[in-house]
Amino acid sequence: MNTGIRQNRPFLRYLISRMLNRFGDSIDVFLLSWLVYGLSGSASLSALAVGLNYLPTILLQPLAGAFVEHIPKRRVIALTDAGRALLVAIFLGLYLTGNLNAAVLIAGTFLISTLEAFASPASSAALSGLLQAEEYDSGMSLYQAGSRIMELAGTGAAGFLIAATGSGGTLVVDLLCFVIACLLMSRVPEAAARAGEGSGEGGASAWLRSLREGFRFIRTSKLLLLIASTAAFLNAALTPCNALQAALFQDVYRKGSGALSAMGICTTVGMLLGAGLYSAAAVGRNESKEGKVSIDRILLGCGILMGSYYLVLAWLGLAHPVDAAFYPVLFTASLLFGVSVGLANTAVSVLLLRVVPTSFMARASAVMNAGCTAAMPLTSFLVSGICVRASVVRVLAGTAVPVFVVTIVLMLKGTLKRLNDFGQE
């Protein structure tokens with residue numbers, strides 16, 4: 001951390017606030033999924049809940065981004081943190097009185113996702129206003145690293161908090177995270193957090209014009225559509241694991257929340273390693289003047305590892321090995337799975353930066369984010385319907401088949417090679 005960043009107190013308050021928000025958010029994702037399945041006993045309902053939570057990102061975030069563009073960002077962020085604290089407090093009150101049920105949790109998590117649809121664009125816009133030009137690199141690096149570390153910490157803490165304090169104690173910790181995040185954000189000077197606010201001219205018509213231009217740019221770029229399709233495939237391939245993990249650990253593996261939390265830690269560590277490996281490989285290739293990282297091989301390996309991971313999860317459910325074999329297999333597979341996801345995500349992100357001009361980045365990335373995210377609820381709803389007639393183990397084993405098939409087809413058709421050829425330009 002350089003001297004300028006250390007003296008930038010508004011940014012440091014913002015950073016700590018967002019890290020607490022990310023920690024609480026990671027606890028939310030784990031705990032609410034655990035509670036939905038625990039209260040309903042339905043893998044189908046758990047998968048449905050996961051799908052519903054993505055809808056606000058797809059449907060509301062472009063509209064929310066236009067709405068928050070011309071109003072104080074700090075106020076939006078603080079209010080959304082306060083709203084999340086209120087929702088967690090309601091969950092806690094209902095839980096302690098024995099009135100919490102799966103329907104309330106699903107509705108509440110949908111509202112949480114709705115608040116995040118407003119908080120996310122406001123947070124991105126506020127960050128640029130809190131940093132001076134010379135602080136941008138170190139500030140953004142610190143923000144990204146802090147967010148990922150708190151995601152890892154939250155995922156790890158959630159399972160152990162449930163085991164140690166129960167769901168009620170975990171909800172209390174979650175509540176405190178959002179309350180403190182709100183209080184810290186309220187102390188960020190409004191003038192500093194208002195970067196990106198416009199004059200208010202144009203309003204909805206200007207937003208609609210920009211949105212149409214973004215859609216037109218994406219529609220006319222075959223390479224961008226190919227990148228978007230690849231990202232959507234990766235999102236869809238990840239979804240069955242996220243949607244069914246609570247049912248898998250509670251009913252199939254007969255393991256506690258700590259085991260699921262540990263698996264999440266292994267996956268997140270793998271993602272960090274994957275991103276680091278991509279960066280190291282890119283630097284090494286540049287220094288040796290041998291071209292860029294082989295993106296087609298990365299994506300091919302990612303598809304193979306994803307399909308294999310689902311087979312491993314299904315095998316563990318069928319074979320029920322002793323703990324001495326179960327945990328090493330699960331954690332090693334999860335780590336490798338995370339590495340493949342980290343490599344693939346970084347590769348796709350780098351390609352996006354090379355394809356999209358700066359003047360179109362905000363609009364194009366927003367539309368692409370909504371489109372790629374749409375693959376996740378669609379897959380969740382499909383998994384939810386299949387789980388009505390098939391066991392969790394069969395669904396996981398069956399998921400491997402389309403993952404392998406799509407990966408092989410993309411390779412044989414030369415699609416992955418086209419991505420790599422562009423990446424080396």
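**View 1. The lining of the second largest cavity.** Around the second largest cavity sit P240, C241, L244, Q245, L248, F249, M263, L313 and L396. A cavity here is a set of points, on a 1 Å grid over the protein atoms alone, where a 1.4 Å probe fits but cannot get out, and a lining residue has an atom within 4 Å of a point. (Helices are DSSP runs of H or I, at least four residues, numbered from the N terminus.) About 30 Å³ of space lies inside; a volume is the space filled by probe spheres set on the points, which are joined across faces, edges and corners. In total, the structure holds 2 cavities of 30 Å³ or more.

A quick note on what you're looking at: this is a predicted model, where local features need pLDDT of at least 70 and side-chain atom pairs count only at pLDDT 80 or more, while totals for chains, interfaces and linings use all residues. Residues are numbered from 1 along each chain as its sequence is written, and side-chain values use heavy atoms, leaving out hydrogens and water.

**View 2. The second largest pocket.** This pocket has a volume of about 290 Å³. A pocket is an open set of points with protein on both sides within 12 Å along at least five of seven lines. It has 17 lining residues, and P240, T379, L382, T399 and P402 are the closest to its centre. Two or more lining residues come from each of α9 (222-252), α14 (375-387) and α15 (392-412). The most come from α15, with 7 residues.

**View 3. T114 in helix α6.** Look for T114 in helix α6 (residues 102-130). T114 counts as buried because its relative accessibility is 17%; buried means under 20% relative accessible area, with a 1.4 Å probe and protein chains only. Leaving aside neighbours within four places in sequence, T114 is in contact (heavy atoms within 4.5 Å) with P56 and L60.

**View 4. Helix α2 and the glycine after it.** Helix α2 (residues 9-40) has 32 residues and reaches 46 Å from its first C-alpha to its last, close to the 46 Å expected. That expected span is 1.5 Å times one less than the number of residues. Next up is G41, whose phi is positive, near 65 degrees.

**View 5. How confident is the predictor?** The chain averages a pLDDT of 78, on a scale of confidence in each residue from 0 to 100.

Note on methods
Buried < 20%, exposed > 50% of the residue type's maximum accessible area, 1.4 Å probe, protein only. pLDDT = per-residue confidence, 0-100.
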